[in-house]
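Here are my notes on the strands, for reading alongside the model. Have a look at the fold first, then go through the points in order.

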Amino acid sequence: MLFCRKIPTVAPIYISCKLRSPALCRFLTTVINTSASKPFYITTPIFYPNAAPHIGHLYSLVTADIFARFTRISEPGRLVHFLTGTDEHGLKIQKAAKDRGIEPSVLCDALSEQFRRLGARANISNTVFLRTTEARHREAVEHVWRDLAAQDLIYKGTYSGWYSISDECFYTDSQITHPPSSLTPVSIETGSAVEWSSESNYKFRLSSFQKRLLDYYTANPKSIYPSAHREKLIQTLKDEPLDDLSISRPRERLSWGIPVPGDMSHTMYVWFDALTVYLTGVGFPAERQGSLWPPNIQVIGKDIVRFHALYLPAMLLAMGMPLSHTLLAHAHWTAQQRKMSKSIGNVADPFDAMDTWGVDAVRFYMARVGGRFRDDVDWSPEQLEKHADEIRSLLGNFFLRITSKTIQKRVASAPQLTFVQLLDQSLDGHNGDVLSSLRNLKGRVEQCMEKFEVGDALDAIILVLREANGALTHTAPWSAQNPPQAAQVSYLLSLEVLRVTGICLQPFIPEAAHNLLDALGVPKLERSMDFAAVGKGNVGEVKGVKLFEGKREIASGGP
């Protein structure tokens, strides 16, 4: 397989050193790891467990899982390191625990387990689940702090400005607004309420990295996807000076967190703590020069781009470590075109959805509708039902139709023929169209995944399945009016469609795809994308099985 058809493994270099200063060239060799052979490292946001998981958390998990699984079948010999977990410090957790009359650690234990259970229920293939309350993470955070402090990049000062408890974030005057419908000012970016705060704390010299960050994002068009986020960030770096970042809070205000090394009167800012988790997840600081770093893809929500595109990269630059190759910043799920909110009562429960429609149906819906990442999408039970029916019909019913006893009996009466022998014949009409589309499917899916277009990859697969269903209906292999040879051609072509699409669907609907490939007798070693080429793999003993769980039963076999 050509490298250009794989998910990008590196951030490409787009700056010519002939046109830049020697200092910038040295900088580029630091921030960009050009090794194509490193293990594939992918992360989700580290979820904040101040409440039960919602659909947005599942969306991040499924998105990352699709890319992790696709890498495994695209490069079977490559290690995939997949990190998720929970961010358990901060004022929100401290306040939520106080309101419930329990210790923060007790609250975190209970809620973190719900996020772990969400991943297991959704068939997420993460290799690491990390909690920021773990001792290994505290060691990593303290190491980062000491490293930055030793370079005089941390100093003590006074912060006066806006703070959002909900976002656990400081905002400047230009980042807040005073809407007439609200009694308090709110963040422009998130809509969360903010309050004025003035306190002594430690600061990180973020301002020192403005030019280097601007140079990096200007030089690397694939550093953030969708590109609109990168373009907005570049404009911000050009137009607005970066303020130094407050990275601690007085311990009398925030006690639930990691104390500042050497100053027990201050607690580390929750984002400084949380962003370090991606390093902890690869064994930092013991594995500082390990092969896993940097992340190939970091899946995040669009509301936390600033933290991952400015704060974390500046910290990495300061420590001389490479930056993440790509930040995939997805949009949000809404309900009735409104932000999901407990107070409104429109929050969709991911566990209820999976229990009602089935895991693969929910995963399919999220990827099909939300797999372009640019715009917010509306969570709709009616649309979920529609798309669940779509994949059940086009894949599940199609498989049961072609493996019905009626068709198998007619095929058995025809002269023996293999699919490879069938390829030597000239197929025309509907069957010819299906074969032509199927030949292009592997390359189309790989191209879409390389471009982070998950929805388009699924569109290509669904198009082939729709064509194949139409061809099956048109040729009617179950009908005695058609010769057994025609039934055999339809049967062999349909099985090849199912084999190839089954391979391609593994990242999206893993359980159904696994069951399908098992039912087709496809050998375990022939389930990588390399075998998604027409005629390259084998179909063994075929058994008709039900592929999907969920709300609606798949129709019985037969035409």
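1. Strand 1 (residues 40-43) and strand 2 run parallel, with four bridges between them. Strands here are DSSP runs of E, at least two residues, and helices are runs of H or I, at least four, both numbered from the N terminus; two strands pair if DSSP finds at least two bridges between them. Tyr41 has His81 of strand 2 as its bridge partner. To get from strand 1 to strand 2 the chain goes through helix 2 (residues 55-74), a right-handed β-α-β crossover (clockwise from the first strand over the helix to the second, with the strands pointing away from the viewer).

2. A word on the source: this is a predicted model, with local features needing pLDDT of at least 70 and side-chain atom pairs counting only at pLDDT 80 or more, while totals for chains, interfaces and linings use all residues. Residues are numbered from 1 along each chain as its sequence is written, and side-chain values use heavy atoms, leaving out hydrogens and water.

3. Strand 2 also runs parallel to strand 3 (residues 128-131), joined by four bridges. Thr84 has Phe129 of strand 3 as its bridge partner.

4. Is strand 2 buried or exposed? Seven of the seven residues of strand 2 (residues 80-86) are buried, so the rest of the structure largely encloses it. Buried means under 20% relative accessible area, exposed over 50%, partly exposed in between (1.4 Å probe, protein chains only). Val80, Phe82, Thr84 and Thr86 cover one side, and His81, Leu83 and Gly85 the other.

5. Elsewhere, three strands form an open sheet in the order 11-13-12, with antiparallel pairing. Strand 11 (248-250) and strand 12 (259-260) are at the edges with a single partner strand each, so one side of each has no neighbour in the sheet. Pro259 sits opposite Thr267 in strand 13.
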